[in-house]
Amino acid sequence: MTHRFLIRYSIQRWEDGKWFYGIFLVVLCGLIAIKLVLHQPVTFLWWYVLGVDVILLVSLYLFRLTSYLETGPDGLSIHYMFRRARLPYEALTKVRKQPLDVAFQPADRRRYVNRFVRRLSREPAVYIRIDKRQPDLIAQTERRLGQRLVAGPDVVLPITDIDTFIGEMKGRLRG
């Protein structure tokens with residue numbers, strides 16, 4: 001049985017973007033409606049800005065939908081928009097829960113801290129340890145997911161329902 005756990009970076013981006021771009025969309029539609037009621041011409045630029053705003057809202061929503069961790073029968077699948085990584089359970093050694101900011105404390109990792117990481121820094125994140133005897137898999141995972149999500153042999157993700165995920169993974173790692 002597969003379970004999906006959403007990555008909170010994408011949820012945070014959606015929550016921020018939906019208010020900013022959503023309010024902008026409402027204001028823009030209101031201005032276009034006023035121009036139409038007053039029988040004033042609505043230039044191409046207004047429709048262009050309206051289209052760009054809708055595209056931004058839809059892309060943020062799709063980013064939220066396509067960013068998740070999935071536990072399957074043969075391994076763990078990580079989807080982060082267009083980035084994908086598959087980790088077999090045999091290659092994982094440990095799963096733990098720690099605050100997100102622990103992964104960004106070393107000096108060489110501080111450059112990956114952006115506003116989404118800062119907002120979630122005190123929140124718990126899941127740390128998935130890849131077996132250090134598989135450096136090729138670690139390098140491949142880092143290449144596919146990026147250095148913000150992979151810290152050495154650990155994949156670090158703030159996800160929804162962490163306790164359920166850790167319980168499920170510990171059962172799979174033991175068995």
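Predicted model: local features only at pLDDT ≥ 70, side-chain atom pairs only at ≥ 80, totals over all residues.
Residues are numbered from 1 along each chain as its sequence is written, and side-chain values use heavy atoms, without hydrogens and water.

We may start with helix α1, which spans residues 8-37 and includes Ile34; helices here are DSSP runs of H or I with at least four residues, strands are runs of E with at least two, and both are numbered from the N terminus. Ile34 is partly exposed because its relative accessibility is 48%, where buried means under 20% relative accessible area, exposed over 50%, and partly exposed in between (1.4 Å probe, protein chains only). Gln12 also belongs to helix α1, but Gln12 is buried, at 17% relative accessible area. Leaving aside residues up to four places away in sequence, Gln12 touches Phe116, Arg119 and Leu120 (contact means heavy atoms within 4.5 Å).

Turning to the rings, five aromatic pairs are present (Phe, Tyr or six-membered Trp rings with centres within 6.5 Å; planes under 30 degrees apart are stacked, over 60 edge-to-face, the rest tilted). Phe20 and Tyr21 pair edge-to-face, with centres 5.0 Å apart and planes at 80°. Phe63 and Tyr80 are likewise edge-to-face, at 5.3 Å centre to centre and 70° between the planes. Because Phe63 lies in helix α2 (residues 44-65) and Tyr80 in strand β3 (residues 75-80), this pair ties together parts 17 residues apart in sequence. Phe63 is buried at 9% relative accessible area, and Tyr80 is buried at 12%.
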